Amino acid sequence: MDPSQQWPYPQQGQPGPQYPQQGQPGPQYPPPAQPGPQYPQQQPAPQYPPQQYPPQYQQPPQQPSYGNQPYSAAPYNIAPNSAAPYSGPPANPYASPATGAIAVPPPSRSKLPMVVIAAVVLLAVLAVSIVVVALSKNKNDPVAGPGTAPTSYAGPVDPCLVGTWNQTSYQKTVDLTGTDVDKREGIGKVKMTGGGKRWTIKADGTAVEDDSKTVYAGKDDKGRSINATFSGNTDWSIKTVGRTIEYAGKESNASVVISVDGRKAGTINLEPNLDPNNYTCTGDVWRTSNTDDPDSFSRFDRVK
């Protein structure tokens, strides 16, 4: 039997167990629970400031030892793979090896002047070209120049000249020196302009010059108005060689009346002029000029 389950018996002289009297409550089994011991609740750990550690002592940079050298002449520290120690200024590439004399290097040339010069030359060439074109145009428009010879043809005359032509413009310096009119009026040379002459040219080279409507006018050196009014016809035999017309006169009854300031000064009977003329002929325009007077010209338009 478990000893804890045995009832203990009182020893002699000790009171026995006390039992409840009648009417009193007996012992309570099991005895009511007694509160256990109270333990303190867990508190959060205290916050401590971060521990400060003393700064690490840094070794000061070691200064190179220069031995007994003066303070102001510390040697250069030559590290591996570094440049060679300074040995004075670089050699002058323009110094003479023999004398050591230093020559001044030639100044560098700027490209700007060359560009300016090229632009000026280009403008000059352009200006000359414009002048040449203008002169060529002026020469080939009112005045017939030598030009290029036409293609070959079977007859004596350029086929372009065959047809009837009206003179629409004319310019020439007319020399009246030695004529009766000049002896009386002292006219001399007069630069005249005008038109009205008509030419009819055939393929065999025969031609007729009609002066019934030809009128020229100009001023002499004295400022007087000089008019030349033509009349009559002249028969010709012509041929073309290159860009030149050669004339052979047959018969003429042409004459011209000279007037000075509107007053008739005299009449001159004309003889055929056999001087050759330069010419150009393109389509419906025929131009002529005198070989000895580059300022003279005549323009003829084809009559359709």
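Strands here are DSSP runs of E with at least two residues, helices are runs of H or I with at least four, and both are numbered from the N terminus. The model is predicted: local features need pLDDT of at least 70, side-chain atom pairs count only at pLDDT 80 or more, and totals for chains, interfaces and linings use all residues. Residues are numbered from 1 along each chain as its sequence is written, and side-chain values use heavy atoms, without hydrogens or water.

Pocket first. On a 1 Å grid over the protein atoms alone, a pocket is an open set of points with protein on both sides within 12 Å along at least five of seven lines; lining residues have an atom within 4 Å of a point. The largest pocket has a volume of about 1200 Å³, taken as the space filled by probe spheres set on the points. Its lining has 42 residues, with Tyr170, Lys172, Glu209, Phe230 and Asn273 nearest the centre.

Which strand gives the most to this lining? β1 does, with seven residues. β1 spans 163-175, and among the other strands that supply at least two residues each are β6 (225-231) and β13 (293-302). By class, the lining has 19 nonpolar, 14 polar and nine charged residues.

Next, Val121. Val121 sits in helix α1, residues 111-140. Val121 counts as partly exposed because its relative accessibility is 46%, and partly exposed means between the buried limit, under 20%, and the exposed limit, over 50% (1.4 Å probe, protein chains only).

Last, Asp221. Asp221 is in the loop between β5 (215-219) and β6. Asp221 is exposed, at 77% relative accessible area. Its C-alpha lies 7.7 Å from that of Ile187, 34 residues apart along the chain.

How values were computed:
1 Å grid on protein atoms, 1.4 Å probe; cavity = no way out; pocket = protein on both sides within 12 Å on 5 of 7 lines; lining within 4 Å. Nonpolar A, V, L, I, M, F, W, Y, C, P; charged D, E, K, R; others polar.
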